Amino acid sequence: PWFGLENEVVSEPYVVRRRIFMDDLPISQKKDLIMRTVAEHQVTLLQGETGSGKTTQVPSFILEAAEAARSSGSRAGPPVRIVVT
């Protein structure tokens, strides 16, 4: 869709901002599967479409699970490395 006036010539680009609710991202529908896979495997590779939430949400899922485990009194496990590209 066009975000300008009908016949307007613009010398500078428009900045279009929209609010994205994280629960609306496609990756959130697979959270349980992703977390189960991460828990069961030393290395997990995740592939998805641009804008699906891979690089923003999956690290949040992992950190959320680690925080929940820590606050429930679980002993600390080995360090976790999260690489996102």
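Part of what covers the buried residues of helix α2 is α1 (31–40), where buried means under 20% relative accessible area, exposed over 50% and partly exposed in between, with a 1.4 Å probe and protein chains only. The buried set in α2 consists of Lys54, Gln57, Val58, Pro59, Phe61 and Ile62. All of this comes from a predicted model, in which local features need pLDDT of at least 70 and side-chain atom pairs count only at pLDDT 80 or more, while totals for chains, interfaces and linings use all residues. Residues are numbered from 1 along each chain as its sequence is written, and side-chain values use heavy atoms, with hydrogens and water left out.

As for the overall picture, the protein chain has 2 helices and 0 strands; these are DSSP runs numbered from the N terminus, with helices being H or I of at least four residues and strands E of at least two. Of its 85 residues, 14% count as buried. Taking contacts (heavy atoms within 4.5 Å) with a separation of 6 or more, 57% are between residues 24 or more positions apart. The chain exposes about 8000 Å², and carbon and sulfur atoms supply 53% of that; the areas are Shrake-Rupley values with a 1.4 Å probe, and for residues only the protein chains shown count as cover.

Back to α2, which runs over residues 54–71: its 18 residues should span 26 Å at 1.5 Å a residue, and the end C-alpha atoms are 25 Å apart, which agrees. The expected span here is 1.5 Å times one less than the number of residues. Just after the helix, Gly73 takes a positive phi of about 90°.

The salt bridge count comes to 1, the rule being a side-chain nitrogen of Lys or Arg within 4 Å of a carboxyl oxygen of Asp or Glu. The pair is Lys31 and Glu64, whose closest N and O atoms are 2.6 Å apart. Lys31 sits in helix α1 and Glu64 in helix α2, so the pair ties together parts that are 33 residues apart in sequence. Both partners are partly exposed: Lys31 has a relative accessible area of 25%, and Glu64 has 46%.

Leu63, also in helix α2, is exposed, with a relative accessible area of 55%. Together with Val80, Ile82 and Val84, Leu63 makes a nonpolar surface patch of about 350 Å². Patches are made of residues with over 30% relative accessible area and no salt bridge, joining like charges within 9 Å and nonpolar side chains (Val, Leu, Ile, Met, Phe, Trp, Tyr) within 5 Å.
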